[in-house]
Amino acid sequence: IKDSDISSIESIDIKLARFSIEEDKIIEFEYLPVISWSNMAKGNQKVSKPEWMAVLTRGPVTLYFFEITSSVSTGGRSSVSFTETYYYCKRESEEVASTMTVETNGSMIRIGNPFIKIISKYFADSPGIVEKISNKEKGYKSKDIVAIVNEYNAEKLAQ
């Protein structure tokens, strides 16, 4: 199709974007609806609006992240900025990404952190990983989400 063949575009539905940033490095983003962290903690499957999320790793479970920086006034001319990073998982068979954990300014949120409950339910088909997470073993905490997903994917691909 040439540009001259297109008189108008009715709509564009983009759900995947790939960017080549170096010769051998591509960054992918997907536009997906999500189940929020608070809904996951309550066992609620309510779906929130779609978000553009970066792909961290692909496999039987794809791990994504979404980052937002906010600034809050502390009075007068002062303000405090903070960055929240949300980590989501989605299986190939799922239409919606589920929030696994949230990080604020590089530290995982600890107040009422439902990470063990959320991740144990999501990865229930891997009893070994769930046991390590439940026992709070080193390398199986919320900050280790990338390694946990990579281990899960390797286990599933080996079956």
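Predicted model: local features only at pLDDT ≥ 70, side-chain atom pairs only at ≥ 80, totals over all residues.
Local features required pLDDT of at least 70 and side-chain atom pairs pLDDT 80 or more, whereas totals for chains, interfaces and linings use all residues. Residues are numbered from 1 along each chain as its sequence is written, and side-chain values use heavy atoms, with hydrogens and water left out.

The protein contains 4 helices and 7 strands, taken as DSSP runs numbered from the N terminus (helices: H or I, at least four residues; strands: E, at least two). Along the sequence these elements follow the pattern β-β-α-β-β-β-β-β-α-α-α. Of the 159 residues, 37% count as buried; buried means under 20% relative accessible area, exposed over 50%, and partly exposed in between (1.4 Å probe, protein chains only). The accessible surface comes to about 10,200 Å², of which 51% belongs to carbon and sulfur atoms (Shrake-Rupley method, 1.4 Å probe; for residues, only the protein chains shown count as cover). Among contacts (heavy atoms within 4.5 Å) between residues at least 6 apart in sequence, 43% join residues at least 24 apart.

In soluble globular proteins, nonpolar side chains tend to be buried together. A nonpolar core is here a set of buried Ala, Val, Leu, Ile, Met, Phe, Trp, Tyr and Cys residues joined through side-chain atoms within 4.5 Å. The largest such core has 18 residues, and Cys89, Met100, Ile119, Phe123 and Ile145 touch the most other members. Two or more residues each come from strands S4 (61–75) and S5 (78–91) and from helices H2 (115–122), H3 (127–134) and H4 (145–158). A separate core of 10 residues includes Val55, Tyr86, Ala97 and Val102. Leaving out residues up to four places away in sequence, Ile145 touches Leu63, Tyr87, Met100, Thr101, Phe115 and Ile119.

Within H3, Ile129, Val130 and Ile133 are buried. These residues cover an arc of only 100° around the axis and therefore lie on the same side of H3; the arc is that of the directions from the helix axis to the C-beta atoms. The buried residues of H3 pack against H2 and H4, while the face turned away from them carries the exposed residues Pro127 and Glu131. Lys136, which follows H3, has a positive phi near 55°.

Thr57 belongs to strand S3 (residues 47–57) and is buried at 15% relative accessibility. The side chains of Thr57 and Asn150 form a polar contact of 3.0 Å, meaning a pair of N or O atoms within 3.5 Å; within protein, one must be able to donate a hydrogen and the other to accept it, and residues adjacent in sequence count only if both atoms are side-chain atoms. Beyond its neighbours within four places in sequence, Thr57 is in contact with Thr62, Leu63, Val149 and Asn150.

The model has 8 salt bridges, each defined as a side-chain nitrogen of Lys or Arg within 4 Å of a carboxyl oxygen of Asp or Glu. Arg58 pairs with Glu28 at 2.7 Å (N to O). Arg58 lies in the loop between S3 and S4 and Glu28 in strand S2 (residues 25–35), so this pair ties together parts 30 residues apart in sequence. Arg58 is partly exposed at 39% relative accessibility, whereas Glu28 is buried at 13%. Arg58 also forms a salt bridge with Glu30 (2.5 Å, N to O).
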